[in-house]
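Subject: Structure handover

Hello,

Here is the structure for you to open. My notes follow below it.

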Amino acid sequence: MTISISVNGEGHEVEADPDTPLLYVLRDDLELNGAKYGCGLGQCGACTVHVDGMPVFSCLTPVGLLEGRKVRTIEGLGTAEKPNVVQKAFQDEQAAQCGYCIAGMIMRAQALLDRNPSPTEEQIRVHMQPNLCRCGTHARILRAVHRASLELSLASVTGGAQ
Amino acid sequence: MKLSKRHLAIGAAFVSAMIVTGIGIAAWIVYEPALPEIARPSPSSFDRGLVAKGEQLATVGDCIVCHTAPNGAPFAGARALPTPFGTLFSNNITPDEKTGIGAWSLAAFSRAMRQGVGRDGSHLYPALPYEHFTHVSDDDLKAIYAFLMTRQPVSQQAPENQLLPGLGFRPLLAGWKLLFLRQTAFEPQANESAEWNRGKYLVDGLAHCGGCHTPRNLGGGEEKGREFAGGVAEGWNAPALDTTNPSAATWNADSLFAYLKTGSNREHSAAGGPMGPVAEGLSRLNDADVRAIAVYVASRMHPSRDGAPAAVAAEAGIDNRSAAAAAHPEADLLFEGACSGCHAPSAPMNVNGRPLLSSTSDLKADDPRNAVQTLLRGIEPPGEKGPYMPSFSNTVTDRQLAELLAYARARFTNKPAWPDLEAAVGDIRKENAE
């Protein structure tokens, strides 16, 4: 059947069963390959995207749930040429080892910083907990979230962009 | 009779005397002396066997859960404890002399445990379940003291409590104790086995199961005569541990033992909410004590001791898929996409021995609260491993969640539909956000 979903501000009509995971629709139909398939059971977070501004596991989100709701993926943040603040911070801290988890990590961090640009260490740790990195760059990932938070606070003081 | 000045004077004097006497009695009830500070005893002054015994007893009491902040040092306190009366922060019970209990004598420690009075004489809030600890024996208190005094001292002051106006005035707690604290030693029952008595001693005392599983009155005291009739803890229902438990017929000492020891039992479900850390603690307790607890609780559920469940076999494996799908066609598809990867009867979770949805007590309960909370909050593995379920709070709307639950109840149980489910979901979601 035809399902309409809104991704990164654009409406799409896709041919899919309503029980199809959003992740498959993003990757196979819309060619948005940032979100990754990790465990398929909501245990690793590699597939994290936003629905209505909140982080969800797209592998456990049937596309039939999304009528009238807004999906945002990492492709909706910045581009390779012009990364957004969070993406830039992950680059600057060299937070990726193999990189498989990073799109999910960035989307989870973005969801926190959108609501709270200056989280405490504790708030960052609790918020990032559902996402796993098997290479073990968690320390760099936490630094990247801190860096992004500093950039955002600075920008809000100086009235800078983003 | 005409009131003369003399009458008025006598009356006033009488009233004054009553007030003074009242204040005197109140002061006598409230007053507790400070006990002298001691130099922190050297860890080597404690017998190692006693420390080891204390470790097991502190595990029964699960002291570490409330007395450790998230990601904080063990036993150093400062964990926020939300109550209907405001937020309390747990005390540091490491042997630090300034911020912990390093300067506390055994007498001061025992008084705190049994009477809820700090070393300095101030009354402690009943978030410390002293109405249970009052039943703990002298020897056991001594062992727990030895265990705590040999921990690493950590300097950490708990934040100020944030209570409703007036409740920060600790002398009021003396009145609370007068109403609700019954200081009685544990009395073994001669007609019961040693194992049963051990279980009752642990359950009523250190394990303080009634703290959550007994309903509380408006004053925050556990209701007398309704022990284990079921209560509420941190937004979750703590099910009844007596004959009124809707799944009582399917619990026995063996299944309770497995559930308490591993946090999950095939005939029931995984420990969710505040029960997760309890089961995690009990996983480190010796088998004999866990079994004693299970034996005692089973006897509360089956007073006639005919505990062998026959209903389990009949109930496990219910799968009314076609009827449920006909009633909730949208949810049937959503279940397939969101839930069946783990919860389909053919999914790896079932194959690996985890409970089927048709076995879970929460889906069979009269009140949907725990089922709703499981979907909204997920199940956190309490330690490094354990049962896990992701939260679906951001994934589904209230209506979708209600539909999914209505479908799951229709498909995996033979119970009637829950009424007003969507409103209940909305209410619980609001509570969680507070």
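First, a term for what follows: a residue is buried if 20 or more other C-beta atoms lie within 10 Å of its own, exposed if 12 or fewer, and partly exposed in between, with C-beta atoms placed from the backbone. This is a predicted model, in which local features need pLDDT of at least 70 and side-chain atom pairs count only at pLDDT 80 or more, while totals for chains, interfaces and linings use all residues. Residues are numbered from 1 along each chain as its sequence is written, and chains are lettered from A and ligands numbered from 1 in the order in which they are written.

Chain A overall

Chain A has 5 helices and 5 strands. Both kinds of element are DSSP runs numbered from the N terminus: helices are H or I with at least four residues, strands are E with at least two. From the N terminus, the order in chain A is β-β-α-β-β-β-α-α-α-α. The radius of gyration of chain A is 16 Å, close to the 15 Å from the globule rule for 162 residues, so chain A is as compact as a globular protein of that length. That radius is taken over C-alpha atoms, and the rule is 2.2 Å times the number of residues to the power 0.38. Along its principal axes, the C-alpha trace of chain A spans about 50 × 35 × 30 Å. Of its 162 residues, 43% count as buried.

The sheet

The 5 strands of chain A form an open sheet in the order 2-1-5-3-4, with mixed pairing. Two strands pair if DSSP finds at least two bridges between them. Strand 2 (10-15) and strand 4 of chain A stand at the edges with a single partner strand each, so one side of each has no neighbour in the sheet. From one strand to the next, the twist averages 40°. Angles here run from 0 to 180 degrees between N-to-C directions; axes are lines fitted to C-alpha atoms, for helices over the stretch in contact.

Strand 3 of chain A

Strand 3 has two pairings to look at. It runs antiparallel to strand 4 of chain A, joined by 4 bridges. T48(A) stands opposite F57(A) in strand 4. H50(A) has P55(A) as its bridge partner there. The hairpin of these strands has 2 residues between them, and D52(A) takes a positive phi near 50°. Strand 3 also runs antiparallel to strand 5 (residues 70-72) of chain A, through 2 bridges. Here V51(A) stands opposite V71(A).

Which way do the side chains go? In a regular strand they alternate between the two faces of the sheet. In strand 3 of chain A, T48(A) and H50(A) point one way, V49(A) and V51(A) the other, and all are buried. Helix 3 (residues 102-115) of chain A lies across strand 3 and strand 4, at about 35° to strand 3.

Domains and the chain interface

Chain A is divided into domain 1 (2-76) and domain 2 (85-158). These bounds come from an automatic or database domain assignment. The C-alpha centres of the two domains lie 21 Å apart. 14 residues of domain 1 are in contact with 12 residues of domain 2. Contact means that the C-beta atoms of two residues, placed from the backbone, lie within 7 Å. Strand 3 (48-51) of chain A gives the most to the domain 1 side, with 3 residues. By class, that side has 8 nonpolar, 5 polar and 1 charged residues. Ala, Val, Leu, Ile, Met, Phe, Trp, Tyr, Cys and Pro count as nonpolar, Asp, Glu, Lys and Arg as charged, and the others, Gly among them, as polar.

Between the chains, 22 residues of chain A are in contact with 15 residues of chain B. Strand 4 of chain A gives the most to the chain A side, with 4 residues. That side has 13 nonpolar, 6 polar and 3 charged residues.

Chain B

In helix 10 (residues 253-262) of chain B, the buried residues include L256(B), F257(B) and L260(B). The buried residues of this helix pack against helix 11 (275-282) and helix 12 (287-301) of chain B. G263(B) follows helix 10, with a positive phi near 80°.

A248(B) sits in the loop between strand 5 (236-238) and helix 10 of chain B. A248(B) is buried, with 21 other C-beta atoms within 10 Å.

Best wishes
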